[in-house]
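Reader: Please take me through one part of this model up close: a pairing of side chains. Then carry on from there to the contacts and the spaces.

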Amino acid sequence: MQFDMPSLIPVLPEAFIATMACVVLVVDLFLKQEQRIVTYSIAQFSLLMAVLITMATSTGDSQIVFHGSVIRDTMSDVLKVAICIVTAGAFLYAKDYLRDRDLFKGEFYVLSLFAVLGMMIMVSANSFLTVYLGLELLALSLYALVAFDNNSGLGSEAAMKYFVLGALASGMLLYGISMIYGATGSIEFQPVAEALVSTGMNNTVLVFGLVFLVIGLAFKFGAVPFHMWVPDVYQGAPTAVVLFLGSAPKIAAFALAMRLLVDGLGSLHADWQGMLAILAVLSMAVGNVIAIAQTNIKRMLAYSTISHVGFILVGILAGTSKGYTAAMFYSIVYAVMAVGAFGIVVLLSRKGFEAEQLSDYKGLNDRNPWFAAMMLLIMFSMAGVPPTVGFFAKLFVLEAVVSIDMVWLALVGVAFSIIGAYYYLRIVKLMYFDKPEDQEPLTAGMDTRIALSVNGLAMLVLGMFPGGLLSVCAAAFS
Amino acid sequence: MTFELFVFYLFSFILVAAALMVITRRNPVHSALFLVLAFFTSAGIWLLAEAEFLAIVLVLVYVGAVMVLFLFVVMMLDIDVATLRAGFINYLPVALMVAVVMALEIFVIVGPGNFGLDVYPSPPPLPTDYSNTEALGSVLYTVYMYPFEIAAVILLVAIIAAIGLANRTRSDSKYQDPSLQVKVRKGPDRIQVVKMEAED
């Protein structure tokens, strides 16, 4: 028996994050509560180093290692860097929030780093087994993070709902995978794709498996009609956790869809295009319409997530490299917008006060014009108002779908975006034209202020120069 | 009907019956015990499929360790079955409809038409000296090393999550601290004389 030591260089970013998560776990045991900032610094340092390592070991062409379990290509590199940067932003915003609420514990960083590891594994998975394990690693960490605040009944309830529905979704996904394995005889993406081409499309088992796969995916994405957990989890979990949970995992979910549907089952495109179209239309409709009725900003942003997921799905279902590029651009931009929006929620919250109601945003302009402007940029970007980047994200997706002659889908997207613009602009109205109810000064530290400013201005700068990020995304599918 | 086929149907029947009992029993302890039965019979089916190692692991790990712990938990918790069943009748029609439709679909797809012996001929019997454990071990740490490592990390996360969620230090809980107890010095630390008024 022989054992070939696989090359470890392609999985160096994952290995590094795994090691650092264990380092944080151990170091944190020896720290007093007032030294907890060390844990935070190590976590941030690991994310920064993971970005650098990913860039340094990036080769530009795709390598498959570990007997076909892992693929390292441009898409995985770009998405890994994006995930690490967004997570670093979430950690930064979350720090003060956690400290004010006696939640500043090492477990938050350990679990979050493991969740990042799970996402990285998903992003560069090359077999159904690896995808599934990465997904479970992410999900398990997130369940624990949602219930992170022991004293919060809402948090425990949300975690329970998330766990039960997540387990159900995993079951669906596994059942679908088992069917596809039964029909093709492999769990690696390339052999599956080859087997699909040789057996042809008329295999009912494959389509049956695909249905379960898409249901599992839709659960993880939070697409309608599998979205029920999203608002409850967003509302129940501590805002610091929602910052993380609502941003980076959307990038990973995009990668999950790409790996499963495009790398693995690309030749079944005609079948999954229809399924995704239903999910996308329903998500855009339900997300945007129900968000109008919300008075809690976390619930409102949850429904807004659902509608944005619809747009990401529209990009994927186009099935062209243009569509994939647009969806990837959209998911990265969405993650940056979401982390900024929840960053503002955290900024306005303070010890003993959660800025969760829409009325808490009244007159923000009078209290702090600069952050009102940042929130304005983020809200404009979410609504898709030019020249913010959200406009271009929507534009690219619609362009991709028009170029495959699905004009009706583009029209539906535009119509629901206009409906959606109402509730984003309502926040702008509350901030600028209403009298403030709450006069407390903002207590955030300088690092949060700077990061939020960068985040808000990024909406504008990326919107004026979308070419850079777009060409990075396009390089992944050329 | 060959003996193998008879054993397969016997085990399958017990498995399905036990699984139904798991979700219909009123007493959670009974449910847990029926789950043990379900595990045992599926181990039997795996033995028929010549997956001896997995069958033994299923009995050892799931029945021997997981279910015993599970029984402990079920007995410790005060589960109010009445509230658990409150919505049962209300949701039954919808649940039944979904379940029946899904079961029908599965029967149609996973039937002899798609998975029959003409599509998947039964594999040739393995030689008697074939070791299942060895075959599994030789791929687990080589071909599937990466998934294996991830599974290890998942277990680590499960430990951290379980401890993080369950470990609540309460400020009002009373406990002894031996390190403080041994430091007690002779004199005022150890004994305190309290002067009290004499009572009638």
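Author: Start with Lys80(A) and Glu14(A). Their side chains meet in a salt bridge, at 3.1 Å from N to O. The term stands for a side-chain nitrogen of Lys or Arg within 4 Å of a carboxyl oxygen of Asp or Glu. The two partners come from distant parts of the chain, 66 residues apart. Lys80(A) sits in helix H3 (residues 74–100) of chain A, and Glu14(A) sits in helix H1 (residues 12–29) of chain A. Helices (H or I, at least four residues) and strands (E, at least two) are DSSP runs, numbered from the N terminus. Side chains of opposite charge can pair when their charged atoms come close.

This is a predicted model: local features need pLDDT of at least 70, side-chain atom pairs count only at pLDDT 80 or more, totals for chains, interfaces and linings use all residues, and side-chain values use heavy atoms, with hydrogens and water left out. Residues are numbered from 1 along each chain as its sequence is written, while chains are lettered from A and ligands numbered from 1 in the order in which they are written.

Over all chains, the search finds 16 salt bridges. How many salt bridges are there between chain B and chain A? The count is 0.

What does the side of chain B that touches chain A consist of? By class, that side has 21 nonpolar, 5 polar and 2 charged residues. Here Ala, Val, Leu, Ile, Met, Phe, Trp, Tyr, Cys and Pro count as nonpolar, Asp, Glu, Lys and Arg as charged, and the others, Gly among them, as polar. The contact (heavy atoms within 4.5 Å) takes 36 residues from chain A and 28 from chain B. About 2,800 Å² is buried between the chains, and carbon and sulfur atoms give 80% of it. Buried area is the accessible area (1.4 Å probe) that two parts lose on being put together, summed over both. On the chain B side, Tyr146(B), Val157(B) and Ile160(B) lose the most area to chain A, together 22% of what that side buries.

Now the open spaces. On a 1 Å grid over the protein atoms alone, a pocket is an open set of points with protein on both sides within 12 Å along at least five of seven lines; a cavity is a set where a 1.4 Å probe fits but cannot get out; lining residues have an atom within 4 Å of a point. Grid points are joined across faces, edges and corners, and a volume is the space filled by probe spheres set on the points.

The largest pocket holds about 2,400 Å³. It has 43 lining residues; Phe8(B), Ser12(B), Leu15(B), Ile45(B) and Val110(B) lie nearest its centre. H1(B) gives the most to this lining, 10 residues. H6 of chain A joins in, as do H2 (28–48) and H5 of chain B, each with at least two residues. The lining is made up of 36 nonpolar, 5 polar and 2 charged residues.

The second largest pocket has about 1,400 Å³ of space. Its lining counts 35 residues, with Leu140(A), Tyr143(A), Phe163(A), Ala158(B) and Ala162(B) nearest the centre. Two or more residues each come from H5 and H6 of chain A, and from H3 (52–76) and H8 of chain B. H8(B) supplies the largest share, 11 residues. The classes are 28 nonpolar, 4 polar and 3 charged.

Of its 20 lining residues, Leu138(A), Leu142(A), Tyr162(A), Lys220(A) and Trp229(A) are the closest to its centre. Its lining divides into 17 nonpolar, 1 polar and 2 charged residues.

Last, the backbone. The peptide bond from Val224(A) to Pro225(A) is cis, with omega near 5°. Pro225(A) lies in the loop between H8 and H9 of chain A. The bond from Pro386(A) to Pro387(A) is also cis, omega near 5°. Phe66(A) is not a glycine, yet has a positive phi of about 55°. Most residues other than glycine have a negative phi, and most peptide bonds are trans.
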